[in-house]
Amino acid sequence: MSEPANKYRDLTQSISAGLSTLRTSTPEVMKSFSELGRAATATGVLDAKTKELIALALSVAARCDPCIGFHTKALVKLGGTRQELDETLGVTTYMGGGPSLMYAANAVAAFDEFSKASAARMA
């Protein structure tokens, strides 16, 4: 059976919808998490794209498909290239071994999906 064409878009939308419950039930926790994310990804010595590549590497290493979806989507929006993705996944695989390699394939699929959607919007 083949993967759905929009697996990662659907996954990130589903997770976002599920998180809305937590925004209501634990607003201070969710607000604090959002603030932490903004602070961690703010441009400093490292630019936003480099930080997204790091986040993606950690998503792969942690084997978190929703995280892979969110960070590849952000990477595409920031103009990340397939070569940057591939080199990042190479280092991730080096550090994380076979399990990271398996999730690196998921990151490639997510990147391709979001890139295709981005190109379609620009056309």
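1. Of the protein's 123 residues, 25% count as buried. Buried stands for under 20% relative accessible area, exposed for over 50%, and partly exposed for what lies in between (1.4 Å probe, protein chains only). Accessible areas come from the Shrake-Rupley method with a 1.4 Å probe, and for residues only the protein chains shown count as cover.

2. The model is predicted: local features need pLDDT of at least 70, side-chain atom pairs count only at pLDDT 80 or more, and totals for chains, interfaces and linings use all residues. Residues are numbered from 1 along each chain as its sequence is written, and side-chain values use heavy atoms, with hydrogens and water left out.

3. On secondary structure, the protein has five helices and zero strands, giving the pattern α-α-α-α-α along the sequence. The radius of gyration is 15 Å, close to the 14 Å from the globule rule for 123 residues, so the protein is as compact as a globular protein of that length. That radius is taken over C-alpha atoms, and the globule rule is 2.2 Å times the number of residues to the power 0.38. The C-alpha trace spans about 40 × 40 × 35 Å along its principal axes. Helices (H or I, at least four residues) and strands (E, at least two) are DSSP runs numbered from the N terminus.

4. The structure holds three salt bridges, a salt bridge being a side-chain nitrogen of Lys or Arg within 4 Å of a carboxyl oxygen of Asp or Glu. One of them joins the side chains of Lys49 and Glu84, at 2.9 Å from N to O. Lys49 lies in helix α3 and Glu84 in helix α5 (residues 82-122), so the pair ties together parts that are 35 residues apart in sequence. Lys49 is partly exposed at 21% relative accessibility, and Glu84 is partly exposed at 25%.

5. Arg82, Asp86 and Asp112 are linked in a network of salt bridges. In the bridge between Asp86 and Arg82, the closest N and O atoms are 3.1 Å apart; in the one between Arg82 and Asp112, they are 2.7 Å apart. Asp86 and Arg82 both lie in helix α5, four residues apart, about one turn of the helix. Arg82 is partly exposed, with a relative accessible area of 34%. Asp86 is also partly exposed, at 37%, as is Asp112, at 35%.

6. A patch of positive charge on the surface gathers Arg9, Lys73, Lys77 and Arg121. Patches are made of residues with over 30% relative accessible area and no salt bridge; like charges are joined within 9 Å, and nonpolar side chains (Val, Leu, Ile, Met, Phe, Trp, Tyr) within 5 Å. Lys and Arg count as positive and Asp and Glu as negative, while His and the chain ends are not counted. The place of a charge is taken as NZ of Lys, CZ of Arg, CG of Asp or CD of Glu. Lys77 lies in helix α4 (residues 65-77) and counts as exposed at 63% relative accessibility.

7. Val45, Leu46, Ile54 and Leu58 make a nonpolar surface patch of about 420 Å². Val45 lies in the loop between α2 (27-41) and α3 (48-61). Val45 is exposed, with a relative accessible area of 89%.
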